[in-house]
Structure formats: structure tokens, C-alpha cells
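Please read the following walk through a structure with the sequence and the 3D view side by side. The text goes from confidence to chains, and then to pairs of helices.

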Amino acid sequence: MHDAWVHVALAGAWGALVGLERRAFLQAMFSRPLVAATGMGLLLGQLQTGLYLGMVLELFYLGTASLGAALPENDTLAASGTTAAAAMMADQTGGGGTPAIWSLCLILFAGLGLLGRAVDRRLEGHAAALSTHGLELAEHGELESAVRQNLLGIWPYALVYFSLNVACAGLGLLIGTYIHHVPLVVLRGLAWAFPAMASVAAAIAARGSHARNAAAWGLLGGALMTTAALILAWVNE
Amino acid sequence: MIGPGTHLPTSVKLRVFLRSLLLQASWNPKGMQNLGLVYALYPALEVLYPDPEKRREAVQRHLTFFNTHPYVAAAIVGGVLYHEERIAAGEEDPRRVTEFKGALMGPLAALGDGFFWLSLRPAVGALCAALVPWLGAWAAVLFLVLYNVVHFTLRARLFRMGLQLGDRLVEAVARARLPSRGARLRAVAAASAGAAATYLAFAFGAQQGGVGGWLLAGGCLALGALSYLLVARRVPTAVLTAMAALLAGCLGAWL
């Protein structure tokens, strides 16, 4: 149990870090679903869970972008929170991550992207107050304090994303204790749902790529992958 | 990295560049990146304006509305230093730097959004997602390396261009032909998405095995193709995903 709480805290710390990186500092894409989810999975000892959820969520959110003042869904929270919950759940079952668990988490935590956007919107209000205060300070000649207001915009993000990821991991821990009550037939259905959702995510990604003749390029990619798989199978035989 | 063309010490220019990585720290709907810009410029303004009153004026000049793409902003930050040096030396009117920012932030934002957000990121993201089956966790590392080699190289080059060229940086940026490179990257993104979909369908089909496995693989590919058409008709993605999960879930449970 002690380990579980350490994992919950780690989930919060990683979630806060990538949440900050997405919004306030660097933007070197540690916050992208593929990296954020893989990192979360690695930290919580469920790498495969992180990888597969990261892969699907990366495709799902591939075409979204923060253009101008528009706020897209928060893909980082969606990835870190969903993976934290799935990893904790997988940990509880003792059998590691399965497509059924991944599906269940994708369904249960589907609203995280929207929640993240709402949170971002609220935090912008705080940053606007900092900007006004900065202007007042500059007016009074307190320039260093005015300039430092910029850094004060960071901490609320860290705190909020830490709490949200801790909540997701905690929920995963809780749900994980009940997972063995789920009938086998439902788990089989959930296992089938995962590649189906992944296929939809890939279609959304191809569409979201904004490429001219995206369908043709998508087909070409599919054909190349099929050829590579056939060659690999032939070589292995 | 940060070369000649200005009289500011290199350490100051480096500090400005590093602080520009925090440009979005207090992004807000009112002034947008105004606080971030002043935070980045402040070490240079301290050197250029020893007189507190002049420094206050300079800070206030940059606390007005400012918004552009966070990476391409490096060019404007460099260009602002170029102009501020001349303003501090009495060679230019302070209005020049405000006009410079006003004229460039919109076009550079469009350029940055088009290249980084809508081309490079989707291309590298989809490519590395498609490579997950072969590379495992290294796919995430490869994503960071590929993306950031381009990101940081361009960011540093743009800052240097701004510092050295001032207003003439527009011609230099145009020569980089980012829009045409972006179009090629978008094709990579679409192809990689197709490859990832195919892999997932076959991998999970093989895991299932038997007739059910073929049904799962074929069904997933058909679902992908159908989803592509429905997304084009603006069917909400959440609805599509939920329907796909429900359909596959029922089939999986029934079989």
C-alpha cells in the first residue's frame, strides 16, 4: 500500500511537470501525449500501458493546436491523467496493463481534455490579474517586481495539475480494487473496443494532419506497414 | 549561437534568449504575452537604460499587448533588442520598436502556427506513434530529439537574425521556405497515421487469433476508413469514438 501512495505522488509530480511544460515553460513537447503518457507509465512501473495509451492519444489529439487565443482540449492532462489511472488499475490487478483496462480508462477519463481546457481558462483569469498588477507596479517604478509577475503565473498550473493527476491516480487505485468484479464478457468487449478506438484515433489523425490528399497518404502508410509486417513474418519463418 | 551585430554583452543576450523560454508563463487574454516579453527583455533594458526613468519608459513600452507564436517570438525578441539599442543611443524614435512588433507579430504567428503546430508536430508525433511497435519507449525519446533539433535550431537562428537584421529579418525568414516544407511534413503525418492504424488492427487481430481475429482486424480497418469520411463531414470525434467502442465492445462480448 505504501508503494501505491508513492506512485500516486509520483503521478502528481510528473503530471504537474508536463502540465507546466505545456503551458508555461520551454514547450519542448514533453507534454505531448506520446511522451507524457510513456513517462507516466515508466514512472509507475507500467511502461506498456503508457506506451499504448500515449500512442492512441497522440493520434487522437494530433491535429489540435493552440492557435491565437483559441484554447484546444488539454491533451496533456488527458494523457497523464488517463495513464496514471490505468497504471494504478493495472498495478492493483497484479496482471499488468491489458487492452480492457486501457479501454476502460479511455472511456472513464474521456472528459479530462475538456476539464483541462476549463481549468486553463480559469487560470488565465489569474494571469490577467498578474498582468494588471504588473502594469501598476511598472507605473510606480517598481520594475523588478513588475517583471517578476511573469513567474508568478507558473505556480497555479503546477499546483492544479499536481492535484488533478493525484486524483486520477487515486481513482485508478480505487477502481482497480473492484476490477475483478467485472464480468469476463464485459472485459472481452472492452478488449475489442481498444483497437476500434485506436482506428478512429488514426482516422482523426490523418484528417487532422491537414495534408493535401491525406486519404491517399494514409493508404500509402497502411500499405507500407502491411508490406513491412509481411516481410517480417516471412523472415521470421 | 548569439552573434555579433549588437553592443550588448553576450551574457546579456544569452540571458534574454533563455528567459524568452518563459514567454508564455503568464499568458492572459488581456495583454497575452506582454509580461513574458518584458521578463525576457529586462536584463537588456537594465544595461541599455541606466537611468531609472528611461528604463521605466522602456518597460512600459513593452507591457502593451503582444502575442505571437512562442518559438518564432525569438525573432521579435532579437529584433526588439536591435531597435532598443538604437533607441538608447538616440538614433531611433521609440515608436519604431512598437511599430516593429506590431507589424511582425501577426505574420510570424501565422508562419509559426503553420509550420510548428500544424506540420512539424503532427508529422513527428504520427511518425513516432507508428514506430512504437518497433522502438517501444525509445519512440518517445526519438520524438523529443527529432522535434527539438528543429525547434531549438530554428529558435536560436531566429533570435540571431532578429539581433543582426532588425526589420530586414522578414526577408531572411521568407527565404527559409517554411510553408513549402510544412506541406511535405503534413503528408508524412497522414502516411504515419495510416501505418499506425494498420499496425494496431493487425496486432490486436493476431492477439485475438482465429476467425474473431480476422474480423477484429478487418472491422478496425473498415471503422478507420468510415471514421475518416465521417470526420470530414464534421461528425464530432467524441461521438465517433464512443460509437466505435460500443460497436466493437458488443461484438467482442457476443463473440
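What follows describes the model part by part.

This is a predicted model, in which local features need pLDDT of at least 70 and side-chain atom pairs count only at pLDDT 80 or more, while totals for chains, interfaces and linings use all residues. Residues are numbered from 1 along each chain as its sequence is written, and chains are lettered from A and ligands numbered from 1 in the order in which they are written.

The model has an ipTM of 0.91 and a pTM of 0.91. For single residues the predictor gives pLDDT, its confidence in each residue on a scale from 0 to 100. Chain B has a mean pLDDT of 89, with 98% of its residues at 70 or more. Residues 1-5 of chain B have pLDDT under 50, and the model has 13 contacts for them beyond four places in sequence. Two residues are in contact if their C-beta atoms, placed from the backbone, lie within 7 Å.

Chain A holds ten helices and zero strands. Helices (H or I, at least four residues) and strands (E, at least two) are DSSP runs, numbered from the N terminus. Read from the N terminus on, the elements of chain A run α-α-α-α-α-α-α-α-α-α. Along the principal axes, the C-alpha atoms of chain A fill a box of roughly 75 × 50 × 30 Å.

The next topic is how the chains meet. The contact joins 82 residues of chain A to 82 residues of chain B. On the side of chain A that touches chain B, the elements giving two or more residues are helix H2 (33-43), helix H3 (47-60), helix H5 (99-108), helix H6 (112-139), helix H7 (143-152), helix H9 (184-208) and helix H10 (214-236) of chain A. H9(A) gives the most to this side, with 21 residues. By class, the side of chain A that touches chain B has 55 nonpolar, 20 polar and seven charged residues. Here Ala, Val, Leu, Ile, Met, Phe, Trp, Tyr, Cys and Pro count as nonpolar, Asp, Glu, Lys and Arg as charged, and the others, Gly among them, as polar.

Within chain A, H2(A) and H3(A) form a pair. Their axes come within 7 Å and cross at roughly 165°. Axes are lines fitted to C-alpha atoms, for helices over the stretch in contact, and angles run from 0 to 180 degrees between N-to-C directions. The angle makes H2(A) roughly antiparallel to H3(A). Angles under 35 degrees count as roughly parallel, over 145 as roughly antiparallel, 65 to 115 as roughly perpendicular and the rest as oblique. H2(A) passes H3(A) in a right-handed crossing. A crossing is right-handed if the near helix is turned clockwise from the far one by less than a right angle, and left-handed if anticlockwise. Residues of H2(A) in this contact include A:Pro33, A:Leu34 and A:Ala37, and those of H3(A) include A:Leu47, A:Thr49 and A:Gly50. The contact of H2(A) with H3(A) has ten nonpolar, five polar and one charged residues.

Chain B is divided into domain 1 (10-179) and domain 2 (180-254), with bounds from an automatic or database domain assignment. Taken over C-alpha atoms, the centres of the two domains of chain B are 38 Å apart.

H4(B) passes H6(B) in a right-handed crossing. Among the residues in contact are B:Ala74 and B:Tyr82 of H4(B) and B:Arg155 and B:Leu163 of H6(B).

The axes of helix H9 (residues 210-232) and helix H10 (residues 237-254) of chain B come within 11 Å and cross at roughly 160°. H9(B) and H10(B) are therefore roughly antiparallel to each other, and their crossing is right-handed. Their contact divides into six nonpolar, three polar and no charged residues.
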